[in-house]
Amino acid sequence: QRKFRFHVGEMKLNVCLVAAVILFHATHAALFRQTSYTYDRHDGELRFIAKFGIQEYTQVELHGTFNNRTATNESVTFAFVPYETWSELNRLLVPSNNCSSMANLTSMIAHHWSVPGSVSDTISDNTETEYWFLVFLGYVYVDARSPWQKASGTQFDYEITLTNVPSDVFTQQFSYDMKGVAIVTMVATFTYLVLLAFQVAFSTYACVCLKTRLHLLVKLFASLLLLELVGHGFQLAHMGVYTQDGVGLAPLGHVGAGLVILCNCFLVLLFLLISRGWQLTKAVLHYKIVTFVLWALYVVFSAIFFAWMVMYQEVYIACVDSPYQSWAAWLYQAYRILLLPYCLYELWHSYRQENDPLVQNVYRLFAMSFVVWFGYLPITVGVLHAVNLLEWTRVILSASLFFDLAANFVLVILFCPLWSDYYFQFNNHLNIIDSHTTRYTLLSLTEKSVAL
């Protein structure tokens with residue numbers, strides 16, 4: 001375990017800045033550390049370790065140390081193979097139990113070593129962008145005439161380092177499908193920090209200088225920005241540690257992703273309330289059950305999709321398909337598509353009931369935000385079917401960041417406390433004060449009447 005010390009004058013760095021410093025100063029990358037492996041004859045002949053995306057005609061350096069934990073000299077084979085060989089190994093070894101199957105794959109397994117021992121190699125024979133797989137094989141290579149023999153059993157500890165060459169701190173040990181994710185996460189965190197700072201500054205000015213009470217929807221939106229910032233900050237911390245040790249803080253990253261999805265759920269609730277004209281054209285929300293049932297379904301589909309994403313990263317690690325190709329992702333995207341026309345219809349209905357031109361313009365801006373936010377993900381996933389699967393994560397994350405920020409930028413303008421009170425209270429500012437005064441006067445008169 002390494003300890004980091006940062007000297008930046010007398011400034012106190014928050015969590016986001018600490019993660020950013022880690023990103024810039026990290027130089028070492030390791031994929032696995034101090035992991036144990038035990039093999040005997042009853043174990044399977046093929047043991048998966050991890051997959052790593054490699055871009056065509058690029059180099060990857062592999063270093064491994066395997067220390068025997070027993071007095072025996074038995075060994076197994078450690079191999080780094082492309083996807084085609086991995087598929088053949090699964091087809092031939094998993095259902096069978098004979099060395100003749102391995103003999104057919106000798107020419108395909110170019111990078112293999114007998115371990116325990118030390119391994120150091122440079123992989124540069126990849127001719128296409130694809131996943132490569134780190135595996136243990138329950139065989140030992142003998143010679144060309146009788147290449148493979150079944151291993152009897154062994155126990156050892158291993159540490160493997162897998163890095164890109166050449167590379168910088170942001171790409172050194174990231175799989176090709178994850179290259180650029182650290183930069184995108186950093187940009188997202190910084191941008192949401194700026195948006196939240198503007199919202200807080202405007203709210204403080206409105207409360208302190210203008211003596212204005214913040215509307216409930218304004219408070220809700222500010223809370224969503226804060227939640228989004230915290231979620232991206234957790235993911236940035238995970239990425240920052242990942243650039244240092246190749247492992248990262250996976251639980252913290254999952255919590256960050258969950259907070260972002262939770263923020264999206266409450267943002268959908270906000271969209272549903274506004275599309276019904278609540279606090280804009282109507283003081284009372286009608287058909288509450290319908291609104292909250294639609295929102296509850298979105299929460300359920302989001303939770304299912306998030307659970308599938310975590311399972312894809314922690315359980316189905318050997319799967320080469322994108323989680324956005326799963327049934328959970330299609331269900332989540334389909335419901336987003338169905339919600340868009342509903343919200344637009346309700347928004348149009350509220351627009352027709354409104355006579356104030358200012359509020360009508362607000363409805364138009366909300367309609368633009370609805371179309372962008374609900375529509376970008378299904379469209380992006382549809383377009384990505386024409387490109388390599390290893391491009392999906394980076395492109396989807398970048399598109400999500402861009403369109404989320406575009407929609408939130410519009411919402412920051414609409415929910416600015418300096419002018420949002422003019423349309424969130426149905427009339428102009430003077431009438432708001434008069435309406436509050438009238439209401440409190442009526443309450444006071446009612447209390448006096450009851451007392452008499």
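This is a predicted model: local features need pLDDT of at least 70, side-chain atom pairs count only at pLDDT 80 or more; totals for chains, interfaces and linings use all residues.

1. Strand S3 and its partners. Seven bridges join S3 to strand S6, which spans residues 117-123, and these two strands run antiparallel. Within this pairing, Gly64 stands opposite Val119 of S6. S3 is also joined to strand S10 (residues 153-165), here by 10 bridges and again in an antiparallel arrangement. The bridge partner of Thr65 in S10 is Glu159. In general, strands of a sheet pair through backbone hydrogen bonds, either parallel or antiparallel.

2. The protein has 12 helices and 10 strands. Of its 452 residues, 46% are buried. Among the contacts with a separation of 6 or more, 78% are between residues 24 or more positions apart.

3. The four-stranded sheet. An open sheet is formed by four strands in the order S2-S7-S4-S5, with antiparallel pairing. Its edge strands are S2 (46-54) and S5 (112-115), each of which pairs on one side only. From one strand to the next, the twist averages 20°. Helix H2 (residues 83-93) packs on this sheet and touches S2, S4 and strand S7 (130-137). The direction of H2 makes about 130° with that of S4.

4. The pairing of S4 with S5. Strand S4 (residues 76-82) and S5 run antiparallel and are joined by four bridges. Which residues of S5 belong to its covered face, and which to its uncovered one? Trp113 and Val115 make up the covered face, whereas His112 and Ser114 make up the uncovered one.

5. Backbone at Tyr57. Tyr57 is found in the loop between S2 and strand S3 (59-68). The phi of Tyr57 is near 60°, a positive value in a residue other than glycine. Most residues other than glycine have a negative phi. Is Tyr57 buried or exposed? Tyr57 counts as exposed because its relative accessibility is 63%, which is over the 50% cut-off.

6. How many cavities of 30 Å³ or more does a search of the whole structure find? The search finds one. About 40 Å³ of space lies in the largest cavity. Its lining consists of Tyr192, Phe221, Leu224, Leu225, Glu228, Cys263, Leu267 and Asn408. Helix H5 (216-245) and helix H6 (250-275) are the elements that give two or more residues to this lining. The largest share, four residues, comes from H5. By class, the lining has six nonpolar residues, one polar and one charged.

7. The packing of H6 against H8. H6 and helix H8 (residues 327-353) pack at an angle of about 35°, and their axes are 8 Å apart. On the H6 side the contact is made by Val268, Leu272, Ile274 and Ser275. On the H8 side it is made by Leu339, Tyr342, Cys343, Glu346, Leu347 and Ser350. This contact has seven nonpolar, two polar and one charged residues.

8. Ser275. Ser275 lies in helix H6. Ser275 counts as buried because its relative accessibility is 0%, the cut-off being under 20%. Leaving aside neighbours within four places in sequence, Ser275 is in contact with Cys343, Glu346, Leu347, Ser350 and Phe370.

9. Thr185. Thr185 is found in helix H4, which covers residues 181-208. Its relative accessible area is 6%, and therefore Thr185 is buried. Not counting residues up to four places away in sequence, Thr185 touches His232, Gln235, Leu236, Met239 and Leu397. Thr185 and Gly233 are 48 residues apart in sequence, and their C-alpha atoms are 8.2 Å apart in space.

Note on methods. Residues are numbered from 1 along each chain as its sequence is written. Side-chain values use heavy atoms; hydrogens and water are left out. Two strands pair if DSSP finds at least two bridges between them. Axes are lines fitted to C-alpha atoms, for helices over the stretch in contact, and angles run from 0 to 180 degrees between N-to-C directions. Contact means heavy atoms within 4.5 Å. On a 1 Å grid over the protein atoms alone, a cavity is a set of points where a 1.4 Å probe fits but cannot get out, and a pocket is an open set with protein on both sides within 12 Å along at least five of seven lines; lining residues have an atom within 4 Å of a point. Grid points are joined across faces, edges and corners, and a volume is the space filled by probe spheres set on the points. Ala, Val, Leu, Ile, Met, Phe, Trp, Tyr, Cys and Pro count as nonpolar, Asp, Glu, Lys and Arg as charged, and the others, Gly among them, as polar. Buried means under 20% relative accessible area, exposed over 50%, partly exposed in between (1.4 Å probe, protein chains only).
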